[in-house]
Amino acid sequence: MTEKNTQSVARKDDADLASRIKDTLVPHVDICEDKDSVTLYADLPGVAKEGLDVHIDRDTLQIYGRRVPQADAGTGGNYTEMPARDYYRAFTIGEEVDREHIAAHLTNGVLKVVLPKSERAKPKKIDIKCA
Amino acid sequence: MQVRWYDGYVPTFNDFFRLRDELDQLFDIGLPLSNIRSVPRGTFPAINIEEQKEAVCIDAYLPGVEPKDVELTIEENTLAIKGRRETGNGGRNYHRRERFSGNFSRIVSLPEGLDPDKAEARYHDGILSITIARAEEKKPKQITVSIG
């Protein structure tokens, strides 16, 4: 699966990213939708604002979070459940997302991305007229 | 999955055994020989422990948790991390719910000889770092060798 990802990214002439996503963790996400927008929450513990890269390329939303190396980090842990690796995850998004008004916030290691729907993609109620 | 045709690892197969162990961990099928206190993959929060010369550092991965919602207690030589994380958004339609939501609690056994009075906790970018200093008399001491 990793191989497939790498190839599809490489096709987009982004060999740099392909090499960067090789040893990454897949962050857990929640994705919910209402009539105005699709909202994504991603757990990125250890990622500061400077290390975060949220990228939209045509129909792909890419999230890359770089772990900030800690100043007091020692030679390596005795017990490790979470290796200090970068995070990467990508999603395809549909035509209905208004690319110009996407907003991203990072608070306490949680990324929130709001993808608003364009006006014409929002559901409309049709009035029924009685003759 | 735990059938072995050799006692212990043979150098040639080290990488294969390691790979198999990692796959076992990945799918949680290392049974029936898993540690009685081991936790399943994806237990929240994930914890890293590092023993340093002067202290023991425990990192708990708690993204999106307010520090005031976490309760840390040291008793005997165990550290308890308890709290609550809410990820709900008031009944909106979910496509994916992978993030942990609800009450969490983890107990960590600490090595001997720590000084609970010299413990401090810091929260940054979703990681809670707990540092507990070693008691003075338990720190490793260097002995100088004199010639003569």
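Arg99(B) and Asp43(A) are both buried, and in this predicted model they form a salt bridge, with their closest N and O atoms 2.8 Å apart. Arg99(B) sits in the loop between β5 (93-97) and β6 (102-109) of chain B, while Asp43(A) belongs to strand β2 of chain A, so the pair joins two chains. Here's a quick tour of the salt bridges and the nonpolar cores.

**Salt bridges**

- Searching the whole structure turns up 13 salt bridges over all chains.
- Glu51(B) and Arg134(B) pair up through their side chains at 3.1 Å, N to O.
- That pair ties together distant parts of the chain: Glu51(B) is in strand β1 (residues 46-51) of chain B and Arg134(B) is in strand β8 (residues 127-134) of chain B, 83 residues apart.
- Glu51(B) is partly exposed at 38% relative accessible area, whereas Arg134(B) is buried at 11%.
- Arg84(B) and Glu86(B) also meet in a salt bridge, at 2.6 Å from N to O; Arg84(B) is partly exposed, at 37% relative accessibility, and Glu86(B) is exposed, at 55%.
- Asp30(A), Asp43(A), Arg85(B) and Arg99(B) are joined into one network by salt bridges that share partners.

**Nonpolar cores**

- The largest nonpolar core has 21 residues, and Leu40(A), Leu44(A), Tyr87(A) and Leu115(A) touch the most other members.
- Chain A elements giving two or more residues to this core are β1 (29-33), β2 (37-43), β4 (60-67), β6 (87-92) and β8 (110-116).
- Another core, of 19 residues, lies apart from that one, and includes Ile49(B), Val56(B), Val65(B) and Ile81(B).
- Leaving out residues up to four places away in sequence, Leu44(A) touches several residues, including Pro27(A), Tyr87(A) and Asp125(B).

Note on methods:
Residues are numbered from 1 along each chain as its sequence is written. Chains are lettered from A and ligands numbered from 1 in the order in which they are written. This is a predicted model: local features need pLDDT of at least 70, side-chain atom pairs count only at pLDDT 80 or more; totals for chains, interfaces and linings use all residues. Side-chain values use heavy atoms; hydrogens and water are left out. A nonpolar core is a set of buried Ala, Val, Leu, Ile, Met, Phe, Trp, Tyr and Cys residues joined through side-chain atoms within 4.5 Å. Buried means under 20% relative accessible area, exposed over 50%, partly exposed in between (1.4 Å probe, protein chains only). Helices (H or I, at least four residues) and strands (E, at least two) are DSSP runs, numbered from the N terminus. Contact means heavy atoms within 4.5 Å. A salt bridge is a side-chain nitrogen of Lys or Arg within 4 Å of a carboxyl oxygen of Asp or Glu.
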